[in-house]
Every structure is written in structure tokens, then in C-alpha cells.
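The sequence and structure come first.

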Amino acid sequence: MPLSVHHHVALDVVVGLVSILSFLLDLVADLWAVVQYVLLGRYLWAALVLVLLGQASVLLQLFSWLWLTADPTELHHSQLSRPFLALLHLLQLGYLYRCLHGMHQGLSMCYQEVPSECDLAYADFLSLDISMLKLFESFLEATPQLTLVLAIVLQNGQAEYYQWFGISSSFLGISWALLDYHRSLRTCLPSKPRLGRSSSAIYFLWNLLLLGPRICAIALFSAVFPYYVALHFFSLWLVLLFWIWLQGTNFMPDSKGEWLYRVTMALILYFSWFNVSGGRTRGRAVIHLIFIFSDSVLLVTTSWVTHGTWLPSGISLLMWVTIGGACFFLGLALRVIYYLWLHPSCSWEPDLVDGTLGLLSPHRPPKLIYNRRATLLAENFFAKAKARAVLTEEVQLNGGL
């Protein structure tokens, strides 16, 4: 096997293993916290953790199943039968099965002397879906639970060992999911190499440093005004959902699935930036950054005015604001550095229908399996590169609609 191909396959296997371990670690941390809350008699906290865990798992399985049924049946010929896959999703094991299947695909190629282009393309296809699902899981379950745990810590004035474990694993897991998602999108860029170590580190850090202060601001407001945080969330969520609807997203295969996607994206935008459509990406990113920053400042200011520089639990609000502000501006500086010098600039090839086979020309190697979902998101994320591209060749779709 060529060294570059072997390195690419091995890296995908390692990333898949890390994703599985991250998912299981987060699940163990959640269940550990639930058991501790029950033992302490904090049944409301335990119930909230279980509700967040349950709704996130259901939505994750829904996305996984909708994508699976939207793919051509011949694409996943090596997978289990549809009825058995439906049972796995019903048992909330669909995402875990996808991760294991992706690892199996990568390991099987490691034992091949020269993996076929079709096997490599299919491995990328699986990896892209897994990365998107991991990102959804992080913002549907890990981020809200992290906010809840931080609010509990601020109310009590101290953190137990299992809470520190959950906080650390959640922060790292969310940042890893964002990095893995961005890394996977780079596979949709045919003329761009994979994300390097330095750019990966910068991307990981600026996401961590910008996401942390936002979560802490919401957690602070939740600790001070526990009965108003739900009203705040639904108010902003409706505004963000309306903004997404105005952008006319077209990600899912049908209208009902599209609204499920919009609802999920509105929740992600409540915490972090996510580009959902093409066009002027920079303008929308700046608008979102100003909107979220203003809201976070408003939440912290409200808590400060009503409770002064010290919370009832004895925690210094001034210390939290200073650390959060420093993290935010450092993350903003790293984000500017990334987009000025490390963001890819590339040429685009024509998009193909999800899971179909296409040929650019009789004289060029076939472009095999394309993931329409990830390619669409990559077009949105790297919109400037796509706008500069000049498509000179006509794509023929082999039986695609």
C-alpha cells in the first residue's frame, strides 16, 4: 500500500476509535452523574440529565435513519439488513453501529495491499456521516448538560470529582467534534490536502475558547435565574430558527426532515456558529458573533446587577467575568489568524448526487462515491473558494436523480 494511502486509512481508523471512546466516555460521565444525584437526593437534577440524554439520543437516531434510508440501497450492500438496522436505531444503537462499521471499513483496507478507489471513497462517505452525527450529538446532549452541570456548581459553590470529570470530558468532546467535522469537510475539497497539525491545533483552540465563555454565561444566568433560562432559550431559539428559515436550507431529502434539521441547527447556533447555507459566509458569521456576544454580555450584566460581584454560593463573579473575557478575546484572535492564513483556498469540482457514480470525462479516473450531505455543507463552509471556481467539465450521473 502506498505510504500516503496507508497514513490516510490509519488516521481515519484512529479518528473513528477516538470518536467511539469520546461517545462512551461522555455517556459514562452522564450516567455517573445521574447515580450521584440520586444518591444525594437531587432527583430533579438527575431527571434533567436523563431528559437531555434521551432527547439527544432520539434525534441522533432519527438523523441516522433518515440519512440511511435516503441513500441508494446498493450503496450499503456490506451493511446489515434494513430491518435489523431499524431495530438497532430503535434501541438507540444506530450511531454506535455506524462508528463500528466505519472502523471495520478502515481496518479491512489496512489489510489490503492497495485499497480500491471505491473502498477509499466509501470509507470517506461513512466518515463524513459519522462526523456530522457526532457534531449533532455534542450540541444536542453534551453542551446542554455541560451548561446544567456548571449551573449546579455555581449554585453550590463547589464541584465534586464526578462533576469535574464531566466538565472536562464535555469541553474536550465538543471541541473534538467541531475539529473532526471540519477535518471531514476537507475531504470534500478535491484539490486541498488534509488539515495539518498546526491548523488543527488553532482550530481546536479557538472553538474551545469561544465556546467556553458562551456556555459559562448561560450557566451563570441559569444559576441566578433558574426559572427564566428556559424562556431565554426559547426566545433566542425561535429567532435563530426564523433566521435559518429565511436562508432557505435544503439539506434533508424531504420537507419534514428539513424542519428537523432547521430545529437542530437553531439549537447549535444558540451556542456556536454553524453555516447552514451558501453565499456571504463572513457577513453571517460576523452577525452571529455580535448577536451571541451581545446576548452573553446581557446575561452576565443582569446577573451582576442583581447579585453584585459575589454569588450567593460565595463564588467571585468578577473572577469568572475576567477569565471568560480573556478566553473570548484570545479565541477571537485565534479565529482571525485561522481564517487569514490557515483557511483553505481551493478549486471546486462539480457536485454529484449522494451515493451515485459519476465520470468527469472518459480520459480521467472516475469520481466514485460522493456524500451529497457533506458536500453541500462544505460548499457552504468554503463558499468563497467555490465562488471563485470555474467549472469547465460536464458531469454525467450514472442513474442518479
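## Overall composition

A residue is called buried when its relative accessible area is under 20%, with a 1.4 Å probe and protein chains only. On that basis, 51% of the 401 residues in the protein chain are buried. The model is predicted.

The protein chain has 13 helices and two strands as its secondary structure. Where contacts join residues at least 6 apart in sequence, 75% of them link residues at least 24 apart.

## Helix H5 against H4

Two packed helices are described by the angle between their axes and the distance between the axes. Helix H5 spans residues 117-156, and helix H4 covers 94-110. The axes of H4 and H5 come within 10 Å and cross at roughly 150°. Angles over 145 degrees count as roughly antiparallel, and H4 and H5 are therefore roughly antiparallel to each other. The crossing in which H4 passes H5 is left-handed.

On the H4 side, the contact is made by Tyr95, Arg98, Cys99, His101, Gly102, Gln105 and Met109. H5 contributes Asp119, Leu120, Tyr122, Ala123, Leu126, Asp129, Ile130, Leu133 and Lys134. The contact of H4 with H5 comprises nine nonpolar, three polar and four charged residues.

## Helix H5 against H7

Helix H7 consists of residues 197-224. The axes of H5 and H7 come within 8 Å, crossing at roughly 55°, and the two helices are therefore oblique to each other. H5 passes H7 in a right-handed crossing.

From H5, the contact takes in Phe139, Thr143, Leu146, Thr147, Leu150, Ala151, Leu154 and Gln155. From H7, the residues are Leu211, Ile215, Cys216, Ile218, Ala219, Leu220, Ser222 and Ala223. Sorted by class, the contact of H5 with H7 has 12 nonpolar and four polar residues, with no charged residues.

## Helix H5 against H9

Helix H9 consists of residues 255-271, and its axis comes within 10 Å of the axis of H5. The two axes cross at roughly 45°, which makes H5 oblique to H9. H5 passes H9 in a left-handed crossing.

The H5 residues in this contact are Phe136, Phe139, Leu140, Thr143, Pro144 and Thr147. Those of H9 are Tyr261, Thr264, Met265, Leu267, Ile268 and Phe271. The contact of H5 with H9 holds nine nonpolar and three polar residues, and no charged residues. Among the H5 residues, Phe139, Thr143 and Thr147 are listed in the contact with H9 and also in the contact with H7.

## Aromatic pairs

A pair of aromatic rings is described by the distance of the centres and the angle of the planes. The structure holds 27 aromatic pairs. In one of them, the rings of phenylalanine 221 and phenylalanine 225 have their centres 5.2 Å apart and their planes at 40°, so the pair is tilted. Phenylalanine 221 and phenylalanine 225 are buried. Phenylalanine 225 also forms an edge-to-face pair with tyrosine 228, at 6.3 Å centre to centre and 75° between the planes.

Phenylalanine 225 has 18% relative accessibility and so counts as buried. One aromatic cluster is formed by Trp32, Tyr37, Trp45, Tyr161, Tyr162 and Phe165.

## Selected residues

Aspartate 30 belongs to helix H1, residues 3-39. Its relative accessible area is 7%, so aspartate 30 is buried. With neighbours within four places in sequence left aside, aspartate 30 is in contact with Val49, Leu53, Glu141 and Gln145. Aspartate 30 and alanine 46 lie 16 residues apart in sequence, with a C-alpha to C-alpha distance of 9.4 Å.

Histidine 89 is part of helix H3 and is buried, with a relative accessible area of 7%. Apart from its neighbours within four places in sequence, histidine 89 is in contact with Gln61, Ser64, Trp65, Leu68 and Gly94. Glutamine 92 sits in the loop between H3 (82-90) and H4 (94-110). Its relative accessible area is 30%, so glutamine 92 is partly exposed. The phi of glutamine 92 is near 65°, a positive value in a residue other than glycine.

Methods. Residues are numbered from 1 along each chain as its sequence is written. This is a predicted model: local features need pLDDT of at least 70, side-chain atom pairs count only at pLDDT 80 or more; totals for chains, interfaces and linings use all residues. Side-chain values use heavy atoms; hydrogens and water are left out. Axes are lines fitted to C-alpha atoms, for helices over the stretch in contact, and angles run from 0 to 180 degrees between N-to-C directions. Helices (H or I, at least four residues) and strands (E, at least two) are DSSP runs, numbered from the N terminus. Angles under 35 degrees count as roughly parallel, over 145 as roughly antiparallel, 65 to 115 as roughly perpendicular and the rest as oblique. A crossing is left-handed if the near helix is turned anticlockwise from the far one by less than a right angle, and right-handed if clockwise. Contact means heavy atoms within 4.5 Å. Ala, Val, Leu, Ile, Met, Phe, Trp, Tyr, Cys and Pro count as nonpolar, Asp, Glu, Lys and Arg as charged, and the others, Gly among them, as polar. Rings of Phe, Tyr and Trp (its six-membered ring) pair if their centres lie within 6.5 Å; planes under 30 degrees apart count as stacked, over 60 as edge-to-face and the rest as tilted. Buried means under 20% relative accessible area, exposed over 50%, partly exposed in between (1.4 Å probe, protein chains only).
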